[in-house]
Amino acid sequence: MNFTVKRVELLPDISGLLVESRIEGFRFLERLVADYQSGANRFDQPGECLFAVFADDDCVAIGGLNIDPSGAASVGRVRRLYVGAAHRKYGLGRALMVEIEAAAKDSFSELCLFTDTERASTFYETIGYQRVNESAVSHRKLID
């Protein structure tokens, strides 16, 4: 199967991912869609970006980068990273993070994120993120 990672300016059709994420008990893709539709977050501020992975024309994974809400200008926040279950174990999460981190280097020196699942924690730790004990941040990574 061929996958293509693309930086997207418009939110692609993620309806399949949305349904699947709800079944898995995640609500963050619902927030992605709601915030995008309302204009609250379109990943369009300086340094921000949104990437999607496509298999043919189907969006099978998504993830983005925002300015961290803490206000620290040098910190970016990884947001809304999700890979559809049928496409896990192909390295798509890692591919998204490579693109996100590469894009972040122009604007940020550190990335942070929040996850509350052990599976996601393990993933982020395998790609160099350090677990931290902060109220709204679970992992951090300095980027070169």
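Predicted model: local features only at pLDDT ≥ 70, side-chain atom pairs only at ≥ 80, totals over all residues.

Author: Let's start with the cysteines: a disulfide is a pair of cysteine sulfur atoms within 2.5 Å. By that rule, the count here is zero.

Residues are numbered from 1 along each chain as its sequence is written, and side-chain values use heavy atoms, with hydrogens and water left out.

Next, buried or exposed? Buried means under 20% relative accessible area, exposed means over 50%, and partly exposed is in between (1.4 Å probe, protein chains only). C59 counts as buried at 11%, and C112 is buried too, at 0%.

Now for the charges. Side chains of opposite charge can pair when their charged atoms come close. We call it a salt bridge when a side-chain nitrogen of Lys or Arg is within 4 Å of a carboxyl oxygen of Asp or Glu. A search of the whole structure turns up 11 of them.

Let's zoom in on K141 and E101, whose side chains meet in a salt bridge at 3.2 Å, N to O. This pair links distant parts of the chain, with K141 in strand β7 (residues 139-142) and E101 in helix α3, 40 residues apart. Helix α3 itself covers residues 92-104. (Helices, H or I with at least four residues, and strands, E with at least two, are DSSP runs numbered from the N terminus.) K141 is buried at 17%, and E101 is buried at 13%. Leaving aside neighbours within four places in sequence, E101 is in contact (heavy atoms within 4.5 Å) with L111, Y129, K141 and I143.

What about R77 and D68? Their side chains form a salt bridge as well, at 3.1 Å, N to O. R77 is buried at 8%, and D68 is buried at 5%.

E134 and R140 pair up at 2.9 Å, N to O, but here E134 is partly exposed, at 35%. Lastly, E20, E24 and R88 are linked in a network of salt bridges.
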